[in-house]
Amino acid sequence: MIKAQQKPFDEIRGMLGNAKNVLILGCGTCVTICFAGGEKEVAILASLLRMAEDIDNGDRQFREHTVKRQCEWEFLDGAAEEVKNADLVVSLACGIGVQATAQRYPDKPVVPGVNTSFLGLILEQGIWSERCVACGNCVLDKTGGICPVARCSKSLLNGPCGGSVGGKCEISPEVDCAWQLIHDKLTAAGRAEELEEITPPKDWRTSQSGGPRKIVREDLRV
Ligand code: SF4
Ligand code: SF4
């Protein structure tokens, strides 16, 4: 899932400008799961903003609304009335939801309340870890289900750089060396000899390096 973190309070408040009626718009999927922008976070942020406004003798009003997913039009349309009545929307969705909201309501200022961080996995309560950068050409079949693109600090595709110490990446003793993990996994699976195969240069045009991407499924179009 997409992982995100709420922006610092002062940064969010600094984006409000002259807006008098502010809608805090949450998203009920990815950012709810990682406690960045669901209904609860919307309520907490709105309360903090109201308190700050009271302290400053301001007159801004804050409304709260959460849709199931800001990245799907049918759910986003459910917020139409709330958006219409606001001068500005603080979206607590990921960058996709923020952009979808801005696109659906073109005359409405929409600002991001979270920093979209990565595609990742929860390891334990309160700890998330990156697992995929959506390169567009998955190689997990060759690497024991461990992504060298996202999890090797150099995105190496043909084995380790030689800098790992004790199974940890040279960038930090806190970070596993992806290639140590791949080696251990393939060895445990009796596939260690596959490590000797040379992986040809990856076609990065399918990644974000090739520019904005799009999927077109003619069989699904109407
Ligand atoms: S190889 Fe590409 S698609 Fe597969 S997990 Fe890694 S980044 Fe994601
Ligand atoms: S130490 Fe391992 S994870 Fe780190 S850059 Fe080298 S090969 Fe990649």
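Asn 57 counts as exposed, because it has 6 C-beta neighbours inside 10 Å. In this report a residue is buried if 20 or more other C-beta atoms lie within 10 Å of its own, exposed if 12 or fewer, and partly exposed in between, with C-beta atoms placed from the backbone. Asn 57 is found in the loop between α3 (39-55) and β3 (61-67), and has a positive phi of about 55 degrees although it is not a glycine.

The model is predicted: local features need pLDDT of at least 70, side-chain atom pairs count only at pLDDT 80 or more, and totals for chains, interfaces and linings use all residues. Residues are numbered from 1 along each chain as its sequence is written, while chains are lettered from A and ligands numbered from 1 in the order in which they are written.

**Positive phi**

Most residues other than glycine have a negative phi. Ser 155 is not a glycine, yet has a positive phi of about 50 degrees. Ser 155 sits in the loop between α7 (148-151) and α8 (178-188) and counts as partly exposed, because it has 16 C-beta neighbours inside 10 Å.

| Residue | Phi |
|---|---|
| Asn 57 | about 55 degrees |
| Ser 155 | about 50 degrees |

**Overall form**

The protein chain has 8 helices and 7 strands; helices (H or I, at least four residues) and strands (E, at least two) are DSSP runs, numbered from the N terminus. The radius of gyration is 22 Å, well over the 17 Å that the globule rule gives for 222 residues, so the chain is more spread out than a compact globule. That radius is taken over C-alpha atoms, and the rule is 2.2 Å times the number of residues to the power 0.38. The C-alpha trace spans about 65 × 45 × 25 Å along its principal axes. Of the 222 residues, 27% count as buried.

The domain assignment gives domain 1 (2-118) and domain 2 (134-210), with bounds that come from an automatic or database assignment. The C-alpha centres of the two domains lie 37 Å apart.

**Two helices**

In helix α6 (residues 95-104), the residues Gly 97, Val 98, Ala 100 and Thr 101 are buried. They cover an arc of only 165 degrees around the axis, which puts them on the same side of α6; the arc is that of the directions from the helix axis to the C-beta atoms. The buried residues of α6 pack against β2 (21-27), α4 (73-76), β4 (88-91) and β5 (110-112). Contact here requires C-beta atoms, placed from the backbone, within 7 Å.

In α8, Ala 178, Trp 179, Ile 182 and His 183 are buried. Their arc is only 135 degrees around the axis, which puts them on the same side of α8. The packing partner of the buried residues of α8 is α7.

**Ligand surroundings**

A residue is near a molecule if its C-beta atom, placed from the backbone, lies within 6 Å of it. Residues around ligand 1 include Cys 132, Cys 135, Cys 138 and Cys 147. By class, this shell has 10 nonpolar, no polar and no charged residues. Ala, Val, Leu, Ile, Met, Phe, Trp, Tyr, Cys and Pro count as nonpolar, Asp, Glu, Lys and Arg as charged, and the others, Gly among them, as polar.

Ligand 2 has 13 residues around it, of which Cys 152, Cys 161, Ser 164, Cys 169 and Cys 177 come nearest. The shell around ligand 2 divides into 8 nonpolar, 3 polar and 2 charged residues.

Conventions. Two residues are in contact if their C-beta atoms, placed from the backbone, lie within 7 Å.
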